[in-house]
Structures are given as structure tokens and as C-alpha cells.
Amino acid sequence: ENQSRVHIRVQQVRGRRCLTTIQGLADDLDLKRIVKFAKKMFNTNGTVVYGDKLGDIISLQGDQRKNMYRFLTEFNIIPKTQITQHGF
């Protein structure tokens with residue numbers, strides 16, 4: 001069975017501000033609920049960006065790579081082997 005990888009990236013936006021994007025999540029996941037929970041847990045803002053070619057992307061303010069990696073693995077949303085972290 002073909003399992004797609006989940007990519008957690010961080011991009012620099014305007015000066016010192018960062019943007020964390022999570023791409024490649026399964027279609028059957030409720031992305032809005034994941035964002036809602038992450039926003040409360042990590043005191044940050046975020047949104048779901050709906051795309052055609054790249055699929056849906058979760059976008060969070062700040063460098064949330066470690067937080068989201070822990071969140072996705074601890075709550076058994078995605079196995080550790082499927083997650084790739086990118087960034088500085």
C-alpha cells in the first residue's frame with residue numbers, strides 16, 4: 001500500500017517571523033479540528049490552505065515544527081516513520 005510522507009517545513013516571512021507548514025496529510029483527517037486543537041495547545045494562530053496540486057496544507061504562525069511533530073505522533077495521527085522535518 002502506498003503511504004505518502006508528511007512534510008513539516010518552516011519558512012521565514014518578513015524579518016524574524018516564521019511560518020510552519022504541514023503538507024501531505026491524509027484526506028480523511030479533519031484538518032480544521034487539528035488546527036483548532038494546535039492553536040489552543042501552542043498559543044498560536046493557524047489555518048488550512050486548500051490547494052489543488054499540492055493538496056491541503058496546514059499553516060501555523062511561528063516555528064512549530066517540534067510541537068507539531070510531537071502532537072502528530074503522540075496522538076497517533078501519523079506514525080513517526082512517515083514524517084519528514086525540514087528547515088534551518
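**Ground rules.** I number residues from 1 along each chain as its sequence is written, and side-chain values use heavy atoms, with hydrogens and water left out. Since the model is predicted, I ask for pLDDT of at least 70 for local features and 80 or more for side-chain atom pairs, while totals for chains, interfaces and linings use all residues.

Next I looked up burial (buried is under 20% relative accessible area, exposed over 50%, partly exposed in between, with a 1.4 Å probe and protein chains only). L31, I34, V35, A38 and F42 are the buried residues of α1. Seen down the axis of α1, they fall within an arc of 95°, so they line one face of the helix (the arc is taken from the directions from the axis to the C-beta atoms). On the other side I found K32, R33, K36 and K40 exposed.

What do the buried residues of α1 pack against? I noted β3 (46-49), β4 (57-61) and α2 (65-74) (contact means heavy atoms within 4.5 Å). Just after α1, N43 takes a positive phi of about 50°.

**Salt bridges.** I counted two (a side-chain nitrogen of Lys or Arg within 4 Å of a carboxyl oxygen of Asp or Glu). R65 meets D63 at 2.8 Å, N to O; R65 is buried at 15%, and D63 is partly exposed at 37%. R70 meets E74 at 3.9 Å, N to O. Those two residues sit four apart in α2, about one helical turn; R70 is partly exposed at 43%, and E74 is exposed at 57%.

**Aromatic pairs.** I found four (ring centres of Phe, Tyr or Trp, its six-membered ring, within 6.5 Å; planes under 30 degrees apart are stacked, over 60 edge-to-face, the rest tilted). F37 and F75 are edge-to-face, 5.8 Å centre to centre with 85° between the planes. F37 lies in α1 and F75 in the loop between α2 and β5 (83-85), so the pair ties together parts 38 residues apart in sequence. The rings of F71 and F75 have centres 5.3 Å apart and planes at 55°, so that pair is tilted. F71 is buried at 5%. Ring pairs link F37, F42, F71 and F75 into a cluster.
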